[in-house]
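Please read the points below alongside the sequence and the model.

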Amino acid sequence: MTSYDMVIVGNGILGCATALELVRRDGGLRVAVVGPEARAGAATTAAGAMLNCVAEVNHRTLSTAAGQAKLDLSIRALEAWPDWLDAINAELPPDRRLAIRNGTYVILNARAGRLDSLNYHAIVDAATRYRQRFEHVPSGDVPHLKPGVDARPLSAVYLPDEGSIDARQVLDAVVSVARRAGVVFLDDTVAGWKRNGDRIGSVVTESGAEIQADNFLVAAGAASHSLLTELNESAESAEGAAMPLQPVLAGKGVAVTVRGTGSGAEHVVRTPNRAGGCGLHMVPGSDGTVYLGATGDLALEPDESQTVGSVRFLISMMEQFDKRLFRSEIIRWHVGNRPVSVDGFPLVGRVWQDNLWVLSGTHRDGFHCSPLLARHMADLMLGGAGVLGDHPFVPLRQPIRTMSREDAIDELALHLVSQFYESSGRSPAYSEVSEVLERQYRTRTRETYDDLGIDFGLAPDLLGLLNWAADRDAKIGYFRDYFQRVSRAEALAPTR
């Protein structure tokens with residue numbers, strides 16, 4: 001049996017950055033990171049790595065305290081990147097040093113529904129409110145684009161301080177620097193836990209190894225919830241009605257890196273978040289390549305495969321940026337699973353045992369927020385209060401409510417009608433296709449809510465999963481059980 005002071009389960013950017021932060025704080029700490037070296041289906045190794053803050057805003061973000069807190073976290077993280085990167089570069093040879101490519105264009109194009117306009121104007125409003133620099137681009141004339149005429153930008157805004165960086169290069173650099181500082185990286189997968197009273201004593205891996213530690217962090221992305229299921233069930237059983245940990249779902253994204261577009265794009269170009277996902281994005285690389293992403297499919301478990309449907313959707317969407325992309329050479333496909341909590345907000349902090357923490361549920365913001373979240377988590381694990389202050393993202397919470405049931409139904413209808421037009425939907429001028437589609441979507445979603453037995457709003461991607469999953473009854477049953485357990489915990493909370 002091997003023994004450490006700190007064991008981190010998960011070797012994506014959040015786990016590795018936290019390990020590096022720990023040994024920087026205390027060079028005498030024995031820290032191990034456990035995770036398969038291949039990282040198949042991981043979010044970090046598939047990420048386009050846009051360092052975006054207000055570009056991620058939607059028209060509901062600033063309407064709640066939790067949404068504002070998430071944006072505050074994102075802006076603080078963006079401000080932390082330069083110094084964090086300088087510290088890493090100081091320990092790298094000159095030919096491996098990393099640099100942020102500043103600049104992001106957000107376009108509002110003709111291939112969209114009303115949702116895009118709402119989110120686009122929310123981005124401009126947020127930039128104004130939070131005093132983030134931006135420039136309006138006259139007539140949406142973004143350099144180096146050559147879209148189809150029916151997808152031309154109608155308007156665009158340039159955010160000079162929001163950019164991108166190669167996520168794979170950053171992760172490799174963090175691992176390299178952390179390893180030289182003494183962090184041990186174990187190519188294995190955690191399969192179970194051994195408890196010692198109110199504390200975790202050790203983890204057991206798939207290879208049969210037992211690893212003992214004083215403190216443990218689960219930062220395993222979309223796999224975090226399955227790793228903690230056993231402890232979650234034990235805590236609920238022992239306490240009668242303990243607040244359950246939110247399920248962490250897998251938001252699978254498929255992307256591709258290509259070469260030879262002829263466009264010469266120098267900055268990130270993206271749409272607002274749209275149609276239940278992250279919107280379209282084009283991220284230039286430092287070697288003449290371009291990363292193209294557009295997809296996001298929610299599932300209960302991570303999935304490493306790419307489907308014909310996701311590839312077709314991704315390729316068909318690229319004419320909204322540059323028709324020359326269809327002649328590009330494919331360098332690499334990427335499949336990654338973003339960790340998505342039920343309420344869409346991060347899970348950050350201690351869970352049931354005194355020496356067990358979780359850092360997950362970050363959805364599209366994990367890589368972007370890694371410098372700040374790593375600092376916060378390292379401080380917590382070393383007995384401090386963290387650097388985030390009084391935040392609402394404690395992991396053992398009831399889902400944060402940001403919408404009513406009817407608001408959520410309205411929001412899903414907006415997303416799905418937007419998806420119809422994004423996919424070149426056409427209808428005769430005299431018809432009311434949007435209204436007909438909305439009625440159908442609303443009817444189906446009300447049936448889903450009745451089956452779930454809840455009266456508060458869920459995010460469009462989760463409602464979409466529950467509305468049209470092939471095993472719809474089973475998935476609704478899974479979430480109905482979770483919400484019932486939350487209700488029991490809420491009912492007993494004042495008496496405990």
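1. Which residues does Thr271 touch, not counting residues up to four places away in sequence? Thr271 touches Val106, Ile107, Gly279 and Leu280, where contact means heavy atoms within 4.5 Å. The residue sits in the loop between strand E13 (268-270) and strand E14 (281-284); helices (H or I, at least four residues) and strands (E, at least two) are DSSP runs, numbered from the N terminus. Thr271 counts as buried because its relative accessibility is 0%. Buried means under 20% relative accessible area, exposed over 50%, and partly exposed in between (1.4 Å probe, protein chains only).

2. On the source: this is a predicted model, in which local features need pLDDT of at least 70 and side-chain atom pairs count only at pLDDT 80 or more, while totals for chains, interfaces and linings use all residues. Residues are numbered from 1 along each chain as its sequence is written, and side-chain values use heavy atoms, with hydrogens and water left out.

3. Helix H3 covers residues 114-129, and its end C-alpha atoms are 23 Å apart, which agrees with the 22 Å that its 16 residues should span at 1.5 Å a residue. That expected span is 1.5 Å times one less than the number of residues. Among the buried residues of H3 are Leu115, Tyr120, Ile123 and Ala127. Their cover includes helix H2 (65-89), strand E4 (104-109) and helix H8 (405-422). Just after H3, Arg131 takes a positive phi of about 55°.

4. Leu85 lies in helix H2 and, at 4% relative accessibility, counts as buried. Leaving aside neighbours within four places in sequence, Leu85 is in contact with Leu98, Ala99, Ile100 and Ile165.

5. The structure holds 4 cavities of 30 Å³ or more. A cavity is a set of points, on a 1 Å grid over the protein atoms alone, where a 1.4 Å probe fits but cannot get out; lining residues have an atom within 4 Å of a point. Grid points are joined across faces, edges and corners, and a volume is the space filled by probe spheres set on the points.

6. The largest cavity holds about 830 Å³ of space. Of its 41 lining residues, the closest to its centre are Asn58, Lys70, Gly344, Arg364 and Ala459. H2 gives the most to this lining, with 4 residues.

7. The second largest cavity holds about 80 Å³. Its lining includes Gly251, Cys278, Asp297, Arg364 and Asp461.

Methods. 1 Å grid on protein atoms, 1.4 Å probe; cavity = no way out; pocket = protein on both sides within 12 Å on 5 of 7 lines; lining within 4 Å.
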